[in-house]
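Work through the exercises below with the model open. Try each task before reading its solution.

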Amino acid sequence: MAEEKKAQSAGVWPTVKPFVNGGASGMLATCVIQPIDMVRIQLGQGSAATVTKNMLREEGVGAFYKGLSAGLLRQATYTTARLGSFKMLTNKAIEANDGKPLPLYQKALCGLTAGAIGACFGSPADLALIRMQADATLPVAQRRNYTNAFHALYRIVADEGVLALWKGAGPTVVRAMALNMGMLASYDQSVEFCKDSLGLGEAATVLGASTVSGFFAAACSLPFDYVKTQIQKMQPDASGKYPYSGSLDCAMKTLKAGGPFKFYTGFPVYCVRIAPHVMMTWIFLNQIQKAEKKIGL
């Protein structure tokens, strides 16, 4: 009986392990990146040094972790689902490929699918995070004053209905598919290249591959983020007509007016925003896997 139970748990852990590891690495990365993100959101009110000083003076250290509960919930849903499902999808694809390494296009397809799955699970927490972080930039009278992520979700459902949790989920899913295609496929490919072609050690491989992954995550997702931002910011003209009828119309008009590089306006700033979290996620994931190996998990 004991052996049977052991066999069952041994069968369950390998299945849930990529999901647990993915969520844990994303949550740890958020704890590191959250203060930087909070300063970035308020940069319109002055330089980074001025914003940091004002936040410390007015609200103390806690100001840097406003919305942390929503950020952690987002990682517990979004990153758990995307990294876990990517590992499962690539394992299945490797099995179908007779154990041979996957070509880049198959890794990209797995990344696209994993991104869509993750975004569907993470969309409610993403909405709560955006609103909680945006509260700091609003006048006091307009603030929603959510106390934590679960309070935010409860209030959204109570005030706007359950479906409001997936408000704007369409563009979010498309952006997540592009981001994860770039992030996940490029990391796997870079690890293979660093190990097999360059002969780098483990630490150098993880650092190099995570840097490449952060860059491609930003490069693949910025065009979609640019279109989403233009749609969100657009204002009607004097006759009440909006400049774009939708995302596709915005993309076509942008391409016609400024060419493909127009979609990469502000790329350095966007890369600085996206890449550090991607890099920290991979670095923490590697450390978690090493710790599990040591204790025999």
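**Exercise 1. Domain contact**

Task: find how many residues of domain 1 and domain 2 are in contact.

Solution. The model is predicted. Count the residues on each side: 14 from domain 1 are in contact with 12 from domain 2. Domain 1 is made of 25-58 + 265-296, and domain 2 covers 66-148. The assignment also gives domain 3, with 168-235 + 243-264. Finally, take the C-alpha centres of domain 1 and domain 2: they lie 15 Å apart.

**Exercise 2. The surroundings of Arg-74**

Task: state which residues Arg-74 is in contact with, leaving aside neighbours within four places in sequence. Then decide whether Arg-74 is buried or exposed.

Solution. Start with the element: Arg-74 lies in helix H3, residues 68-96. Its contacts are Thr-79, Gly-122, Ala-125, Asp-126 and Leu-129. One of these contacts, Asp-126, also forms a salt bridge with Arg-74, with the closest N and O atoms 2.6 Å apart. Asp-126 belongs to helix H4 (residues 104-134) and Arg-74 to helix H3, so the bridge ties together parts 52 residues apart in sequence. Now check the accessibility. Buried means under 20% relative accessible area. Arg-74 has 17%, so Arg-74 is buried. Asp-126 has 15%, so Asp-126 is buried too.

**Exercise 3. Two further salt bridges**

Task: for the salt bridge of Glu-292 with Lys-17, find how far apart the closest N and O atoms are. Do likewise for Asp-249 with Lys-253.

Solution. The total count is eight salt bridges. In the bridge between Glu-292 and Lys-17, the closest N and O atoms are 3.8 Å apart. This pair links distant parts of the chain: Glu-292 sits in helix H9 (residues 267-294) and Lys-17 in helix H1, 275 residues apart. Glu-292 is buried at 7% relative accessibility. Lys-17 is partly exposed at 23%.

Turn to Asp-249 and Lys-253. Their closest N and O atoms are 3.2 Å apart. Both residues lie in helix H8 (residues 247-258); they are four residues apart, so about one helical turn separates them. Asp-249 is partly exposed at 23% relative accessibility. Lys-253 is partly exposed as well, with 41%.

**Exercise 4. A nonpolar patch**

Task: name the residues that form a nonpolar patch on the surface with about 220 Å² of accessible area together.

Solution. The patch consists of Val-12, Val-16 and Val-20. Take Val-20 as the test case. Val-20 lies in helix H1, residues 2-41. Patch residues need over 30% relative accessible area. Val-20 has 43% and is partly exposed.

Definitions and conventions. Residues numbered from 1 in each chain as written. Predicted model: local features only at pLDDT ≥ 70, side-chain atom pairs only at ≥ 80, totals over all residues. Heavy atoms only, no water. Patch = residues over 30% accessible without salt bridge, like charges linked within 9 Å, V, L, I, M, F, W, Y side chains within 5 Å. Areas by Shrake-Rupley, 256 points an atom, 1.4 Å probe, with all protein chains shown as cover. Salt bridge = Lys/Arg side-chain N within 4 Å of Asp/Glu carboxyl O. Helix = DSSP H or I, 4+ residues; strand = E, 2+ residues; numbered from the N terminus. Buried < 20%, exposed > 50% of the residue type's maximum accessible area, 1.4 Å probe, protein only. Domains from an automatic or database assignment. Contact = heavy atoms within 4.5 Å.
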